[in-house]
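Trainee: I would like to learn how to read this model. Can we go through it feature by feature?

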Amino acid sequence: MAATPQALASNSGHPWLPSTSARKPRFFPPPYSLRAFQTTLSSSKSSKTIAKDSTLLAQKHSIGGTTEIRRLCKMGNLKEAMNSISRMDSEISNLDLETYCSVLQLCAEIGSLLDGRKVHSIISSSETEIDPVLSSKLAFMYLKCGDLREGRRLFESLQSKDHPFLWNLLMYEYARNGDFEESVHLFERMWFSGIRPNSHTFTCILKCFANLKWGREAEKAHGFLLKLGFDAHNAVGNALVSLYSKCGRIESAVLMFDEMPDKDIISWNSIISGCVLNGLAEMGVELFTKMWFAGIPIDLATLVSVLPALAEIGHFRVGSVVHGYSIKCGLGKEITLSNSLLNMYSKCQNLDDAVRVFERMGERSVVSWTSMISGYSRDGRFEEAIALFVKMELEGIRPDLYAITTVLHACSCHAAIEEGKFIHNYVSRNGLDSDLFVANALMDMYAKCGCMEFARSVFDGTINKDIISWNTLIGGYSKSSLPNEALGLFSEMQLKMKPNCVTMACILPACASISSLERGREIHGHILRSGYLLDGYVANALVDMYAKCGALPLARLLFDRMVVKDLISWTVMIAGYGMHGYGKEAISIFNEMKREGIQPDDVSFIAILYACSHSGLIDEGWRFFNIMRNEYRIEPKLEHYACMVDLLGRAGRLTKAYKFIESMPIKPDGTVWGALLCGCRTHRDVKLAERVAEHVFELEPENTGYYILLANIYAEAEKWESVKKLRERIAGRRLKKNPGCSWIEIKGRVQIFVSGDKSHPHSKKIELFLESVQRRMKDEGHIPKKIYALMNADDSLKEETLCGHSEKLAIACGILNSPRGKPIRVTKNLRVCGDCHEVAKFISKMAAREIILRDSNRFHHFKEGRCSCRGYW
DNA sequence: ATAGGGTTAG
């Protein structure tokens with residue numbers, strides 16, 4: 001009976017080892033010559049010879065044991081096999097290599113690292129010579145059992161590594177552990193060692209590319225595989241489909257899929273999940289139905305892949321058909337399927353059905369709980385979401401990072417600070433705060449709740465901060481109106497890492513809020529150098545920054561150059577024109593947006609209504625208000641009403657405005673009444689002002705601005721007694737006037753002025769300059785409006801304060817310290833005062849300088865003695 | 001003829 005290589009191979013179980021004739025007799029002995037084999041073995045040992053007197057006995061046992069062990073291995077009884085080996089071990093004996101191999105094989109299959117290690121130690125302490133086959137088998141066992149380090153060590157010690165099998169296995173294990181780079185690295189080493197990869201190698205490497213998002217390698221690899229003819233392997237083709245999908249190249253994935261001649265179930269599943277991944281839910285569902293009607297078998301992965309697509313489209317009816325089908329198929333108990341189902345229902349606004357699925361599940365994983373938590377949170381029921389988190393914990397399910405971040409997200413979305421603190425406490429107690437994802441979610445939660453001190457303390461306590469940590473905190477400061485903190489942190493960050501697009505989009509609003517054109521320009525330069533301008537968020541933030549820093553033409557230039565303009569871009573530009581008082585331009589941009597087919601939303605309507613009111617475009621304002629309600633069916637919110645009241649107020653239609661507020665279907669807030677109070681001031685209606693003010697004071701008792709406003713109304717009507725009473729009222733409430741302050745950037749430095757400030761180094765010069773302005777104004781017949789100073793200081797200081805208003809100081813400082821012809825840009829935290837407004841007009845003419853003043857409400861462009869607001873402020 | 005491609009929550 002001739003021992004063909006194939007037959008030998010099947011006996012040994014190692015078909016891939018090089019079958020050189022020299023090795024054959026030793027490693028692949030025919031079963032009947034076992035004795036001869038062992039003789040060969042012992043004779044091959046030169047120094048370590050088996051003790052001669054016990055040899056025979058040992059061999060006898062060994063042979064008997066060997067048969068028994070092999071039989072046990074064949075049956076898959078590892079426990080008994082191990083027991084036998086242990087027994088043999090106590091008698092000085094050695095098993096043959098093949099038996100060791102079969103035990104190791106079984107350890108590998110079962111995944112019992114402990115037994116595998118035991119066998120390894122028995123082999124090491126015995127006199128068995130570890131030959132290449134055994135070392136390979138050992139490496140194989142370690143890799144299969146998850147001991148990558150030991151597997152790698154044994155692999156490296158192998159003399160010959162010229163078969164791809166162990167390479168593949170090693171690569172696969174690295175990939176399984178998420179170390180895709182190492183896997184690719186091994187592939188390169190393998191390739192340059194001249195070892196021919198096989199289809200397994202390529203499927204593994206394609207998967208690594210997919211996880212590394214190496215989209216560009218996808219095409220290269222594809223071409224290469226075509227050349228080698230590996231594209232004919234279904235597994236390789238499927239891996240390519242998956243790679244293309246995961247790198248966002250869904251067209252290529254579809255092309256690949258279409259061209260596959262023998263699509264199997266995995267091909268279908270891959271393309272369906274690829275579509276879903278790339279936002280082509282409809283196409284995913286279409287493919288699924290095609291599969292369904294073509295009678296192609298459908299399995300668990302198919303259903304689990306298509307359910308998110310159904311969720312996205314909102315096809316919960318089809319979803320429930322799938323639900324029924326899955327039960328019929330006997331997949332009802334599958335936990336991943338139930339998770340996908342409950343997620344589908346909850347995303348289709350069908351939380352009750354989701355709860356039903358959840359409650360009927362025999363076993364629930366952390367994924368099930370997390371899905372329910374996000375379901376409740378999506379429904380706005382964040383208290384129940386948080387309660388569910390507590391319940392999960394009580395049921396002994398340990399929340400993982402996803403669960404924690406999901407529940408924290410629920411807290412951030414609803415500014416639920418108490419609940420957020422509760423979760424924070426849980427996180428700390430369980431030592432989960434060392435995780436970066438959790439720490440970042442905590443920072444985000446605190447930032448969204450407006451608790452920047454807490455966000456900061458988490459930030460400071462996080463050791464390995466990543467870019468997300470920095471961005472979260474910077475963005476938090478920006479949004480919490482702490483622009484200086486945001487800018488400070490941004491500078492600090494630049495010492496440690498390179499900011500990305502998100503950083504830019506987070507920091508620009510900070511520049512915008514303090515109108516820091518210099519800092520904004522610096523960041524613009526940074527953006528240009530990094531190529532971040534292509535990012536839509538960054539471009540929008542940049543346009544907004546320029547508009548808010550008073551550089552409207554620059555904003556427009558950037559806006560015009562934007563390749564893709566989204567709703568935000570248009571809205572930013574409309575709002576930009578609005579705050580500068582260019583109502584007509586705002587309207588024309590709005591119309592252009594509509595022509596481009598972009599649907600305005602509630603925010604863009606706020607922008608256009610604001611623009612109309614600040615330019616006195618009353619009829620247009622009404623027209624937009626009606627279009628919004630009738631054409632776009634957008635329910636007006638408080639902001640829209642406030643704009644409309646403002647519009648009516650400016651036009652002097654105060655009674656109509658009052659009635660308008662009374663007819664509102666939602667409860668008006670302080671800003672709505674406040675807008676009317678402004679109108680009362682403009683049109684000097686003291687009586688109505690008093691009525692309106694009571695509403696405002698009731699709604700916003702802490703806001704001093706409104707008391708000042710009413711006081712000014714009294715003062716302008718020369719009702720000094722009422723001024724006095726109101727002042728007492730404020731004093732009784734212990735309210736303090738928010739001090740007015742203005743600032744200007746000169747040569748890259750911000751100069752800040754508060755009323756009556758004399759600490760500035762150029763104070764004397766500024767004073768002299770303002771005195772000269774005042775003299776010239778008097779000469780030309782202007783009378784200073786003393787009343788504006790009333791609420792700001794003691795009576796004795798009145799005259800002086802009038803001259804010392806912060807915006808005037810800043811403007812004067814700008815005139816004195818910047819080159820001729822350069823526009824002066826000043827920002828004030830409150831509304832500009834009337835006297836200062838007159839003075840600014842005068843200076844713009846006198847000094848032939850453009851002055852751009854941003855106050856808390858809008859922009860004023862002073863040029864040649866006129867202001868762009870034309871009195872609308 | 002020991003391995004590989006597709007799977008839910010954020």
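Trainee: At what angle do the axes of helix α6 and helix α7 cross, and within what distance do they come?

Mentor: A word on the source. This is a predicted model, where local features need pLDDT of at least 70, side-chain atom pairs count only at pLDDT 80 or more, and totals for chains, interfaces and linings use all residues. Residues are numbered from 1 along each chain as its sequence is written, while chains are lettered from A and ligands numbered from 1 in the order in which they are written.

Mentor: Now the terms. Helices (H or I, at least four residues) and strands (E, at least two) are DSSP runs, numbered from the N terminus. Axes are lines fitted to C-alpha atoms, for helices over the stretch in contact, and angles run from 0 to 180 degrees between N-to-C directions. Here, α6 (residues 97-110) and α7 (residues 113-125) have axes that come within 9 Å and cross at roughly 160°.

Trainee: How are α6 and α7 oriented to each other?

Mentor: Angles under 35 degrees count as roughly parallel, over 145 as roughly antiparallel, 65 to 115 as roughly perpendicular and the rest as oblique. So α6 and α7 are roughly antiparallel.

Trainee: Which residues make the contact?

Mentor: Two residues are in contact if their C-beta atoms, placed from the backbone, lie within 7 Å. From α6 come Y100, V103, L104, C107 and A108. From α7 come D115, G116, V119 and I123.

Trainee: Where else do helices pair up like this?

Mentor: Look at α23 (residues 382-394) and α24 (residues 401-413). Their axes come within 9 Å and cross at roughly 155°. That makes α23 roughly antiparallel to α24. F382, A385, I386 and F389 of α23 meet A403, V407, A410 and C411 of α24.

Trainee: What is the strand order in the open sheet?

Mentor: Strands of a sheet pair through backbone hydrogen bonds, either parallel or antiparallel. Two strands pair if DSSP finds at least two bridges between them. This open sheet of six strands runs β2-β1-β3-β4-β5-β6, with mixed pairing. β2 (749-754) and β6 (866-867) stand at the edges, each with a single partner strand, so one side of each is left without a neighbour in the sheet.

Trainee: In which sense do β1 and β2 pair?

Mentor: Antiparallel, over six bridges. For example, E745 has V750 in β2 as its bridge partner.

Trainee: Which residues are closest to DNA strand B?

Mentor: A residue is near a strand if its C-beta atom, placed from the backbone, lies within 6 Å of it. DNA strand B is surrounded by 51 residues, and the closest are S199, H200, A301, N339 and S374.
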